[in-house]
Amino acid sequence: MLELKNVSKDYYEGSRKHSVLKNFELTVPEGEIIILLGKSGSGKSTLLNIISGIDVPDSGAVKIDGTDITKLSEKERTLTRRSKIGFIFQFFNLIPTLTVKENLQLPLELNNDDNQDERIISMLTEVGLPERADTYPDKLSGGEQQRIAVARALIHNPDIILADEPTGNLDYDTGLQIVDLLDRVVKKKGKTMIMVTHSRDVIGLADRIYSLREGRLTESAKGSAVE
Amino acid sequence: MSNLLTRSSLRYLFNHPWQFGLSILGIALGVAIVVSIDIANYSSATAFNLSMNAVAGKSTHQITGTSEGIPDSFYTYLKTVKGTGKIAPVIESYISIPDSNKRVFKLLGVDIFAERPFRDYLSQTDISIDGGLKNFLTKPNSVILSEESLGKLKKYSGDTLNVIVNGKQKILYISGTLKENEQNRSALENLFITDIATAQELTGKGNQIDYIDVIISNDGEEQSLKNLLPEGYQLQKSGSRSETAEQMLEAFNINLTSLSLLALIVGLFLIYNTMTFSVLQRRVLIGTLRSIGVTSNEISGMILREALIMGIIGTLIGFTAAFFISKILLIFISRTINDLYYVVSVREIHISPLIILKGTMLGVFATLLSAVYPSREASGIHPRTAMIRSEQESSLIRRIPRMTVTGIIFMAAGAVILVIPSHNIWLSYFGILPVIIGFALMTPVIIILVEKISSPVYKKFFGITGKMASRSVLQNISRTYIAIAALALAVAATVGVGIMIGSFRSTVINWLEARLNADIFISAPSLISRRNDAVLPEEILQKIKTLDEVNGVNFYRELIQPQDGKEYHIIASGISSKSYSGFQFKEGDPGEVWEKFDNGEVFLSEPFAYRYDLGVGEFINLKTDKGMHDFKVAGIYYDYASDQGLITMKYDQFRKYWNAGGISGISVFVKEGSSIDSVKDKIRELGTDGQQLVVRTYRFLLDSSVEIFDRTFLVAKVLQILSVIVAFIGILSSLMSLQLERKRELGILRANGLLPSQLFKIVTLQTLLMGFTAGILALPLGNALAVILVYIINKRSFGWTMQFQVLPSILIEAMILSIFAALLAGIYPGYKMSKTSPANALREE
Amino acid sequence: MEKIFIIILIITVFSGCGDTKKETVDSGISLSKTMGNTENSGEDFEKAIERKKFVFPADHGPHPGFRTEWWYFTGNLTSSDNKKFGYQFTIFRTALSRDTNKGTSEWRSDQIYMAHFAVTDITGERFYFDERFSRDGNKLAGAQASPFRVWLENWEISKTGSGVSFGLPVISINAETEKTGINLIIEALKPAVLQGDSGLSQKGKGAGNASYYYSYTRMKTEGKLIIEGKESEVSGFSWMDREWSTSALGEDQKGWDWFALQLDDNTEIMYYQMRKNDGTPDVYSKGTLIDRDGSSQIINKEEVIPEITGYWQSPSGEKYPSGWILKIPSRNIELKITPSAKDQLMNVSIRYWEGSVLIEGTKDGKEISGRGYVELTGY
């Protein structure tokens with residue numbers, strides 16, 4: 001269960017105040033997939049940062065399984081993120097100095113989780129790249145990299161997946177494959193996922209769809225146009 | 001710490017071999033220089049102590065007498081009347097062998113019948129005097145040498161040997177061999193052991209011995225022995241001579257060490273540079289790791305561990321290199337020590353645990369320290385904003401005003417530390433550090449200023465690519481400023497040391513020209529320039545005075561007076577009034593000082609006054625042959641002859657208090673119209689009875705003095721060159737990282753149609769600008785360092801006032817060095833960039 | 001005479017045919033070597049070939065023309081509280097060469113001095129000894145006839161006061177070590193005995209293998225003796241030997257046993273037995289019997305029957321005789337000689353046994369006792 005209560009966040013550009021989130025409210029029950037639509041600069045990324053504990057809101061509460069992470073120290077937030085959250089980025093952001101297998105190993109190791117090999121192999125099989133375990137990321141195509149990124153986000157069995165434009169850097173077909181993958185591995189595992197995107201191809205995944213505009217959410221009907 | 005993080009960071013290091021290899025090389029060189037200087041210093045000190053211990057044997061104390069020594073009869077009195085137990089007479093002197101590359105040996109005259117408790121290497125087990133004992137005792141000029149020495153001289157027992165003792169030629173007879181063992185081999189080398197009678201005859205000491213070795217086991221014995229000593233005698237601990245020698249060398253050693261530290265600082269800048277770069281390069285990676293849940297402590301730990309690895313590898317390589325470098329430095333250093341301080345033959349490298357500890361601390365911990373700031377930077381990287389490019393540049397630009405102010409504060413703080421009145425040299429060096437840091441902090445603002453000017457100039461001469469080169473220095477300021485600062489610091493160090501040496505040299509030459517205001521100079525051959533212990537008989541002076549061509553003479557007697565564990569160098573001067581102008585007074589009214597001098601007051605040389613904190617009108621208490629006596633100080637004069645300092649008094653005054661006869665040196669004015677060379681030859685013939693006279697003309701003496709000066713600073717020059725090498729590695733490493741970092745940017749340029757040659761031009765123009773900026777920065781900093789070295793460090797080390805003199809050539813050289821180093825360092829990265837396929841460069845991200 | 005062991009040195013150490021290690025244990029620079037030399041084997045030195053006329057006090061002084069010489073004192077003393085002591089004090093002189101170029105240094109010297117000093121605490125059963133070396137250069141050591149003085153550093157034998165007795169001034173001996181010291185006044189009670197053939201004492205085959213040798217066999221001795229800081233007033237009798245020579249032991253001679261016995265009837269016996277390599281006495285063994293009035297008679301080897309009654313082994317393993325019965329049937333004398341202490345080993349540069357002895361026996365059928373000194377070398 002993820003709850004955002006009355007969350008506000010302002011940014012300053014020079015002396016001009018710019019409200020990104022205003023008394024923002026959101027409750028995501030376990031296992032739900034939420035898609036956030038919004039223009040660039042609408043505060044989508046800020047919202048993800050606040051949920052993951054990377055950023056702290058100016059006011060309000062962010063509760064993950066009942067714990068208000070805004071009350072935690074930076075280190076505690078990092079440790080929470082480490083165990084409960086999986087990230088998927090637009091630019092994949094695999095660790096270039098680690099092999100595919102090691103990239104998956106890293107979250108497990110950070111969580112002191114043994115019994116790694118089996119899970120890594122099965123996860124790689126699940127994303128369809130079991131044979132690339134010992135390859136370095138720069139030898140993979142974009143789609144392959146994002147598959148690995150999805151695997152990395154899930155490997156340590158987090159409660160919440162945060163995805164920031166996961167198809168934004170991929171061609172149409174590859175994007176669809178990733179959507180398929182997310183559908184398979186996230187939905188079927190019953191994970192909570194919040195995805196930020198402006199691509200309509202992804203919408204089919206969602207349980208609920210919101211638009212973020214001037215710091216507030218509006219729920220959109222499934223299948224309705226966004227822009 | 002995560003195993004995978006470690007693996008990741010190690011792979012990063014391996015993937016950037018140039019960057020990290022050069023950094024490790026930088027640390028290694030820095031450590032090597034510091035450690036090798038340490039080893040060289042320590043080895044020469046150890047060699048000296050070993051030979052001192054060999055001479056002192058098991059004695060606990062020594063009785064020293066008056067300036068002439070101790071009369072034989074006093075020893076006999078102690079032995080036969082007072083029944084004093086463990087005492088042994090000693091005569092010590094130096095011998096040089098003309099046909100052995102002027103090597104200097106120590107002559108030790110002993111009474112073997114008193115030796116048993118003292119020098120065990122003379123005992124049965126370690127020595128065999130192959131049947132030659134009768135000769136040793138009864139045959140004139142008999143000596144024993146160690147097997148090693150004999151081997152080197154290619155002599156055997158029974159051979160004869162031509163030597164010079166106290167300026168006189170003698171033929172020695174080798175009556176036996178000293179069998180050394182592993183422990184005392186190097187100590188016994190260079191030792192000529194003779195019977196005390198032979199020593200007296202060889203050195204012409206008459207019925208005097210130099211001192212009496214004593215073994216005392218308790219305070220009661222010490223006191224009762226003290227009670228037997230006449231006025232002017234002293235009972236001092238045996239180790240005190242080694243201590244005196246250590247004190248003498250202290251300032252010399254500290255200066256060498258500090259020069260070596262300068263190289264290390266440059267090396268550390270390199271680490272700082274590399275680590276900062278590596279952090280900047282990995283911003284995205286680090287940001288991702290942070291997003292995944294790696295804590296900031298784990299990130300900074302990772303960076304510090306990388307530094308630790310480099311520190312350890314660099315230190316290990318540094319130690320290995322130090323072992324070889326120290327052998328070379330040892331040659332220079334021991335030559336200087338032999339020139340200036342005492343006779344010692346250093347043949348072995350000695351390493352103490354302390355040196356290893358110090359080198360390791362410096363190499364490893366200083367590396368860690370210099371990585372602290374980059375590691376904090378890394379840990380502060382925001383998990384996701386890190387992925388936004390150019391953020392770091394704009395953040396640095398925003399910080400520039402604050403950096404500049406902080407820089408000024410640092411420099412001011414350094415200046416405050418430096419002007420704190422203190423004799424402590426380390427404090428002075430400590431003060432240099434904030435100055436350097438402050439300077440580094442001010443580098444960005446200077447870059448902005450230089451760029452403002454260069455940008456239009458570059459555009460005008462090199463077109464749009466020129467302007468791009470110029471702008472890129474500014475655009476990448478967070479990287480370029482470190483490289484520029486590193487190069488500037490290294491160049492500044494060479495400027496500082498160069499100006500200091502130049503100023504010192506011209507000061508000394510000016511002083512020599514004023515002081516050496518006679519035509520011919522005569523002395524006994526002295527083996528060490530600052531220990532003029534050889535004397536000429538007084539009748540030589542009378543003979544010279546009576547020569548027709550001679551217009552007047554000055555003379556002096558130098559005496560080294562041991563007192564309370566120190567050595568005072570006293571110059572008893574028979575100076576004529578026409579040479580008064582050779583003395584420049586720092587304190588004391590020149591109109592009055594000479595009258596006071598005539599009335600028994602003394603002059604102190606500047607280093608002496610500084611060292612003992614004495615001023616005009618104060619008194620110095622000296623141990624004389626007639627007991628302790630207070631001498632009033634009439635003036636403080638500039639003098640660069642001895643870093644130990646000198647006390648000058650009128651010769652007649654000296655003879656009232658000291659018995660020592662003989663003349664150490666004579667200077668002669670030749671009548672106008674007479675040929676200096678012919679007078680020189682006449683004087684040379686005055687030496688009778690094998691007495692050798694060193695007769696030199698003004699020109700020759702000046703030249704040879706300057707030669708010794710230059711030899712002394714050879715080590716400094718070597719160190720200077722080594723720090724330039726470190727600096728060059730620094731700039732190379734910086735530029736390499738910088739250009740590799742810009743791979744993508746340059747790839748885009750290539751994609752847009754720039755030719756490889758144009759790309760090369762951009763890189764070259766950019767490094768040219770960086771070199772120029774570094775040069776611009778290095779000049780004021782170099783001058784500041786020179787001011788600190790000349791007015792603070794040297795003053796505090798030796799008490800010397802120098803005329804600050806900036807040779808334009810040094811500045812021009814610095815500029816050329818700076819630009820040349822930058823250009824040279826830019827060649828490889830430029831070449832590499834221009835050859836890179838744009839596709840590859842673009843693919844990097 | 002006993003001090004011929006210097007000559008042993010010359011033979012064993014300097015000609016290199018002896019066991020040098022044994023002779024030079026614990027020495028500093030090999031000083032025992034100094035005490036003689038092999039080069040020119042003494043040809044330049046004077047030799048004791050003919051009888052000479054002894055002239056006093058001149059002959060009390062040094063004879064630098066001869067290689068070796070000594071002033072030798074032993075004595076048995078009793079303290080006021082009836083404790084018994086023995087002492088030995090000897091100063092040796094050895095010349096390294098003759099005609100040394102003296103040079104300009106006071107220290108230059110070819111005359112080397114060695115001194116041995118020992119005290120036996122008979123009652124306390126302790127033995128103390130020490131040795132010193134020096135050169136005569138710089139007046140650190142030396143000898144002179146007039147005023148009589150022989151010294152090595154502050155160990156000294158010298159004329160004291162103005163008394164002269166039987167041609168010898170009253171002398172004092174002063175010596176001290178860390179543990180012991182003596183300060184004795186000594187006065188001859190009998191005239192000098194010229195040993196051997198009117199003072200020419202043949203030691204081996206061949207002319208010149210002899211020494212000039214005279215003795216004062218009974219000398220009144222009084223003074224102080226210090227042991228471990230405790231001072232005692234002592235008195236008793238001393239024996240003085242003077243001998244100088246350039247000769248050496250014969251090649252077949254190994255050492256000697258020497259007896260100086262002072263009997264209670266105011267007579268003395270001196271007897272030395274030269275031992276050959278096989279341990280048997282050499283024909284050159286000889287002795288002297290000194291009567292109450294100082295007159296003396298020679299005792300030949302054939303007259304004496306020495307019998308060893310016991311042995312003592314030194315810590316380093318040498319076996320020394322330790323107890324004798326000395327029979328001189330021709331003089332109707334039979335004496336049992338017992339060391340006052342078993343260990344009176346002079347463990348110095350040259351090791352030898354030299355100790356105080358107690359004497360019991362019969363002379364002309366009457367019981368007699370006495371005290372004396374025995375020297376054993378070459379063991």
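**Close-up views of a predicted model**

**View 1. Domains of chain B.** In this predicted model, chain B is divided into domain 1 (1-56 + 250-388), domain 2 (58-237) and domain 3 (525-692). Taken over C-alpha atoms, the centres of domain 2 and domain 3 of chain B are separated by 30 Å.

**View 2. Where domain 2 of chain B meets domain 3 of chain B.** Domain 2 of chain B brings 14 residues into contact with 16 residues of domain 3 of chain B. On the domain 2 side, two or more residues each come from β3 (87-97) and β7 (168-178) of chain B. By class, this side of domain 2 has three nonpolar, eight polar and three charged residues.

**View 3. The contact between chain A and chain B.** Chain A gives 19 residues to the contact, and chain B gives 18 residues. On the chain A side, the elements that give two or more residues are α2 (74-84) and α3 (100-110) of chain A. The largest share, six residues, belongs to α3(A). By class, the side of chain A that touches chain B holds nine nonpolar, five polar and five charged residues.

**View 4. A six-stranded sheet in chain A.** Six strands of chain A form an open sheet with mixed pairing. The order is β6-β7-β8-β3-β9-β10. The edge strands are β6 (85-88) and β10 (216-220) of chain A, and each pairs on one side only. On average, neighbouring strands of this sheet are turned by 20° against each other, direction ignored.

**View 5. Strands β3 and β8 of chain A.** β3 (residues 33-37) and β8 (residues 192-197) of chain A pair in the parallel sense. Five bridges link the two strands. A:Met195 in β8(A) stands opposite A:Ile35.

Definitions and conventions
Residues are numbered from 1 along each chain as its sequence is written. Chains are lettered from A and ligands numbered from 1 in the order in which they are written. This is a predicted model: local features need pLDDT of at least 70, side-chain atom pairs count only at pLDDT 80 or more; totals for chains, interfaces and linings use all residues. Two residues are in contact if their C-beta atoms, placed from the backbone, lie within 7 Å. Helices (H or I, at least four residues) and strands (E, at least two) are DSSP runs, numbered from the N terminus. Ala, Val, Leu, Ile, Met, Phe, Trp, Tyr, Cys and Pro count as nonpolar, Asp, Glu, Lys and Arg as charged, and the others, Gly among them, as polar. Two strands pair if DSSP finds at least two bridges between them. Axes are lines fitted to C-alpha atoms, for helices over the stretch in contact, and angles run from 0 to 180 degrees between N-to-C directions. Domain bounds come from an automatic or database domain assignment.
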